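Trainee: Please pick one part of this model and go through it closely with me.

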Amino acid sequence: MSITLAAQINSILAALILLTAFGLLVQRRIYGLLHLFAWQGLFLSISTGIVGYVAGVNHLYISSVLTLGLKVIVLPYILHILIIRMQIRKEVDTVVNIPTTMLIGIALVIFSYHLTAPIIELSTLVTKSTLAVALATVMLGLLMMITRRNAVTQIIGFLSMENGLFFAATSATYGMPLVVELGVALDILIAAFIFGIFFFQIRTTFDSLDVNSMAKLKEEE
Amino acid sequence: MISDITPFGTAFFSIILLLAAIVIAAFLNKYQKLLISVSFSITALSCLMASIAGIWGVGAGYVESTTISMGIPDLPFHLRLDPLSGFFLVVVGLLSFFVSVYSLGYVKGFIGHRSVTHLVIFYCLFITGMFLVILSDDALSFLISWELMAASSYFLVMFEDERVENRRAAFLYLVVAHVGAIAILLSFGILAGLTTGFKGFDGYTFDAMRQAEFPAGWATAAFLLAFFGFAAKAGVIPFHVWLPEAHPVAPSNVSALMSGVMLKTAIYGIVRVSFDLIGISNWWWGAIVLIFGLISAVLGVLYALMQHDLKRLLAYSSVENIGIILIGIGLAMIFTYFEMPQLAALSLLAGLYHTLNHAMFKGLLFMGAGAVLYATKERSMEEMGGLIHKMPWTAALFLVGCISISALPPFNGFVSEWLTFQAFLLSPSLQTPLLNLLIPLGAALLALAAALSAACFVMAFGVTFLGRWRGHHNSPPPFDSPLSKGGYRGVKGGNGGLEVDWYMRIGMIMAALACLILGILPTMTIGWMDALSEQLVGDKITITAGEFGWLWLTPIAHERASYSAPIVLIVVLAVVLLAYILLHIRKAAVHRAPLWDCGFEKVTNRMQYSAASFSMPIRRIFGFLFSIREDVRAVYPTGNPLFPKRLRYHLKVRDRFWGLFYKPVADASIWISRKVGKLQQGRIQMYLIYSFITIIVLLLFLR
């Protein structure tokens, strides 16, 4: 596989990751969100593997497998169980309506391209063109956390942000050191458990998973 | 091995002993009585050791330092015992020893009301903190010990935390202490940074600072920050507001320590930073210290005169005495700058002597006030009176404290104030016109403060102990006052009625003896303190002071002034003896009879001279300094204005400083907090948007 081909494939995967990020923004159904998230993880995992192959960095294979295991299988499974246990059937509530969110998202993508332009010029890596996508994914994840009300969708937004960061690390520097990645993976796993507990807590306290109810916790003047 | 015992080792061991007392206290939680006896005995022992170490260290002019690898890696703690720290070790250790003995009795009064475990623990931590502040030889360990001291004293002030005033006072104290600590931190930051030229962290030791030369501007900034930081802790006007709030509400043994010695650690800080670390490089530094000292001395005693809460009065009087100490130190700075080492040594020693004296007599007075509070459960003087019959020991010891603080011979207060006066009077004409104006004015103001302070303590002693019980209840507790129900430990019935137990008495007796000894042996004390002035200003005054032997104290020149305390003591004793003989040799000389009431039949105890009436003339003269609300209202039950049934008199004297400086700041910070509080919506999305916008803006502008 030639380097150009690998770069091409990587770009396609980057595009797909961006697409799933937008998908997460517009998806109204909770299961749909979960599937999209799993897909994003899959694309990320493949992309990491390819980058590892092209650059000859062996530890990226481990990262790739880790991503596949965690973000495609374990985390969606945990969230799936949570959704079943909590009987969330409702469609996803949004704060801002979806077309507006889309427009903001597009603006963010353009912004990230603008932002990374000088870095892309300087970089010599195969993956340099995907850095903008990675940054955009981070921002879209944050945007998703802002515009959604349900706690589960916020967690998915958070995890997608993490995907973006991971992608940025691979595309900017061929990945972080393995120790760091292992640490991050562990963090994510533990975060998922903590979130699970947190969900149950806010549901028992407020009878809903709507994070807006937490405004009640604020001290009244 | 005896030969291995050094002053430093003794001091260090005393700190370890204090830490041991804390651990023991934690284990004895269930046995409160045993806890009090064991912990305070250990504390007393360790304080005694520390003061021995100090006396020994100063006397030998001894310096020893060590490094303990604790705290942050690569920044070990440095400890050092030199004459200056040795002297303050004596100040802290000696009074803490007396107060610990006193506490053996005093703290037992809390048994049955509340657990004293945390009082004991924080008390030990508090003393540990003070010892460590004095022994620290680098900025890091100094600040850590400083905070240890501040935090533990906060919990001590909070001890009776169910009352709103206690919580409020403790909070105010903590705020002022921290503002001061920030200033000190910044000052050390400047010094440490300049020492290494803002490279690396090696400049944090005091040794490095001592050797460095500082540019004038930075040195001034560091000095001013340090002075104001320490002034906040010392209670110099206008930073004194926490003092009259915190001292009355703390348990009395704690207020004795806070007022007696904690304020002195701030004096230590000022002396250490200005003389030792920075070095005096401007004459007006001394002028600033002198001016603040004068303001504190005069206003402090005037405020003290207006109080009718005994402990509040003592707190304001501490402000005055801190002022007197600062006057000595300020003069020393001025004389050091103008290269008059002998005068500098005289005024510095006067200031430091007063530091030691104030620790002794203010500790004694607070212990006395504590004994009164313990026995009567009453803080207002207007509700006391005639206690000399019920508590003869306390009254006599309190009187010793009053005489000392009023600067009357033969007690110690006289010596140090007299030395301060000598420093004023002996000062030659200086090149600076402002100082030539300031120094005579300062002498006059000091004289005013001394006189007012005597008036103040005549009032304090007279209203509390003399006359008759003037409370609303007809007789003092524990006879028929509802306040007395619930039992007082250590209060014995019968003759002498309310007298406190022997532990408390011994604590006070030792402090009173210290006042007397420091008063009648000033020449020896000054000889002992010479190592200090030699270390700091490079000259000593023993040669002149002791020129005529131990009997006569002659600072600088004997033809100008000299004082012999032992002779004064002998004369005083002779006069007292003569008076006693004249009055008591004949049986008929003294006889008691009912009070003649000028034919007005219903004379009650409420009609006595009170604290408010005593301070009335001074309130009239200096009224503009206070915000006074006074109203007299007559009650006419019959409706006829010619026959009022009774008069009601309300008097409220407040400190103007609160309204002038503190209220605007407090209001502004609450206003800003309200506005900032609007940012806090309690909604996750809003918080996310804040960080999102921050990220975008940062990326946009800093890329």
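Mentor: Take helix α8 of chain B, residues 216-234. It has 19 residues and reaches 26 Å from its first C-alpha to its last. That is close to the 27 Å expected at 1.5 Å a residue (the expected span is 1.5 Å times one less than the number of residues). Helices here are DSSP runs of H or I, at least four residues long, numbered from the N terminus. This is a predicted model, where local features need pLDDT of at least 70 and side-chain atom pairs pLDDT 80 or more, while totals for chains, interfaces and linings use all residues. Residues are numbered from 1 along each chain as written, chains are lettered from A and ligands numbered from 1 in written order, and side-chain values use heavy atoms, without hydrogens or water.

Now see what α8(B) hides. Its buried residues include Phe223(B), Phe227(B), Phe230(B) and Lys233(B) (buried means under 20% relative accessible area, with a 1.4 Å probe and protein chains only). Their cover includes α5, α6, α9, α10, α11 and α12 of chain B. Next after α8(B) comes Gly235(B), with a positive phi near 80°.

Then look at the loop between α4 and α5 of chain B, where Ser136(B) sits. Ser136(B) is buried, at 1% relative accessible area. A polar atom of its side chain lies 2.5 Å from the backbone oxygen of Leu132(B). Leaving out residues up to four places away in sequence, Ser136(B) touches several others, among them His78(B), Phe142(B), Phe206(B) and Tyr268(B) (contact means heavy atoms within 4.5 Å).

Notes: Helix = DSSP H or I, 4+ residues; strand = E, 2+ residues; numbered from the N terminus. Buried < 20%, exposed > 50% of the residue type's maximum accessible area, 1.4 Å probe, protein only. Polar contact = N/O pair within 3.5 Å; in protein donor to acceptor, adjacent residues only side chain to side chain.
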